[in-house]
Amino acid sequence: MQDTASHCQRMRRAYRQPKRIGGGEGIRRWRQTTSLAIGSIALAWGMKGYWQSVARWQSLLSQLHIFPSTAIVAAAAYSSTTSQQKQSSSLLPSSSIRTCRFTTKMSSCSGTNTTSSLVGDMPLIGWGTYMIDKADNVVATALRQALALGYRRIDCAPVYFNEDAIGDALHELLHPTTTTATVTVPPSPPSHETGAVMANDDNDDAPGPPNPLVQLQRSDLYIVSKLPSPFHRHVEMAVRKTLRDLRLDYLDLYLGAYRHMCAAVVTTLLCASRDVHWLPGFCFLTHVPNVFFTHHS
Amino acid sequence: MYFLRIIPKHFHSAHFWRCQLWWWCTGHVPPTVHWPVAFYPISMEDLTQHRGWINDDIDNSDNGRNIDDSVSIHETWSGMEHVRRLGLVRQIGVCNMPVALLHELASRATVLPAVNQVELHPLLQQPNLLAYCRARGIHVQAYSPLGTPGYKEAHEPSVLDNDVLVRLAQRHGVSPAQIAIAWALQRGTSVVVKSVQALHLRDNLLTKATVDSSPFDADNNNQDRSGMIHLSDEEMKEIAALDRGYRFFRPQDWWGDKALAVFD
């Protein structure tokens, strides 16, 4: 009797393979002719989107005009102005400038070669900027008051949505124009309001008005900012954005997780935009409920 | 895993591809992984051309639905180390890290976090976290050291009206806020206080306290001790007894069970 089995069926029999569903000659021929073309088109489509997005990232990052070279120059300048910083801060209220010198030790809980993270002076009492409205110059006024009183650590975050106003106020203080005074001194509160509270007033080291001739330097300040949640995969971009908003060259401290969001909230910036093409073969594999055999025609 | 087995098996069937074609043609474009629904796409033009943020989408977690668990803390931390290497920032730290996450972070970190900024006040003292960080030289910074008097709900406990703090304040002749700050400094933490009123700004800043002696030896020797608030051991114990573990910032209120990975 003539064996009418196809080559595929014979192979299946020989190697004891399970029967493939719908594996007829026609569909096999159709698949052979089209699958390679479809696959290569899909691949090219996906790679095009990928390279487009990469090029876009690079071009836009280069538009930020903040380059590490400037920050490194600033870091070099920092060490040279330390003595000047001490001199100028001695003219300011002493209790506010108290800093803690902290050096991080080697990691003792892990076996990796963990290096020390920081050497620096951080003012013990910082000024927070959460929920300060940036409208109507509130931020600028409060910042001037705080600096005049002697706060030197400023705690910012992008999610406070006032970093640009703080940056403008800081820029005005750090690079004053010809007429503006460096720091405006707020009027001292009347004594009947402060009766029980101002216990330090009779001491010699109580802060008087700061010397208006002292020009505020960047190295006098200790500016902190935080990583916003959607940027946990794009830290450098977030830092550059914050530096741009604050109009600074460098930050003294950058805190890695935004206050409440240790689990990272990620918006994939470019993946969410429409010009990213996902490979169909990868995309329908995930997170799709049973759509494969729903249409019966 | 189910699809990984099923789909290659049916690649040979014409019916499967007909179904796929129908599905794609009816407008069901292939869905992406973790599509960030509530986050509007932030265009890079907005990031680079504008200062500030156009809306508050970067703060919108959509009740935790936007939280992506697939981002590991190590990935973020390597980015932080990168920007430190670039010189864009001097020091890098973390916020709101419990001991478990810090330990996980340190297991792969090249540079340990310099600072851990957490909520700390007499009602939430976190002594274990403090001990862990102190043993590893991680500086602990307290936010809301006064218990967010401006933003808390009316039914929430008040730190500044606490009987113990008020009594101590009367004894020392200062304000309860100053006692709270002095207590924080004496524990070896630094504080972040926020006020836009000159009077409060001044009060908070005028607090002089005995800071914890271990990292501040040089400072302690040099400071003059006049007008300084020094809480005795008994007074410190009195404040330590106030610990209720009460958080004014509760992630579980915003994220539901997504927050369980963060605290406890």
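Me: Which residues does B:Ile179 touch, not counting residues up to four places away in sequence?

Reply: Contact means heavy atoms within 4.5 Å. By that rule B:Ile179 touches B:Leu165, B:Leu168, B:Ala169, B:His172, B:Val174, B:Ile229, B:Leu231 and B:Ile239, leaving out residues up to four places away in sequence. This is a predicted model, in which local features need pLDDT of at least 70 and side-chain atom pairs count only at pLDDT 80 or more, while totals for chains, interfaces and linings use all residues. Residues are numbered from 1 along each chain as its sequence is written, chains are lettered from A in the order in which they are written, and side-chain values use heavy atoms, with hydrogens and water left out.

Me: Which residues have the most contacts inside the largest nonpolar core?

Reply: A nonpolar core is a set of buried Ala, Val, Leu, Ile, Met, Phe, Trp, Tyr and Cys residues joined through side-chain atoms within 4.5 Å, where buried means under 20% relative accessible area, exposed over 50% and partly exposed in between (1.4 Å probe, protein chains only). Here the largest such core has 93 residues, and A:Ile125, A:Trp127, A:Tyr254 and B:Ile179 have the most contacts inside it.

Me: Is B:Gln126 buried or exposed?

Reply: B:Gln126 counts as buried because its relative accessibility is 17%. B:Gln126 lies in the loop between strand E2 (115–119) and helix H6 (127–135) of chain B.

Conventions: Helix = DSSP H or I, 4+ residues; strand = E, 2+ residues; numbered from the N terminus.
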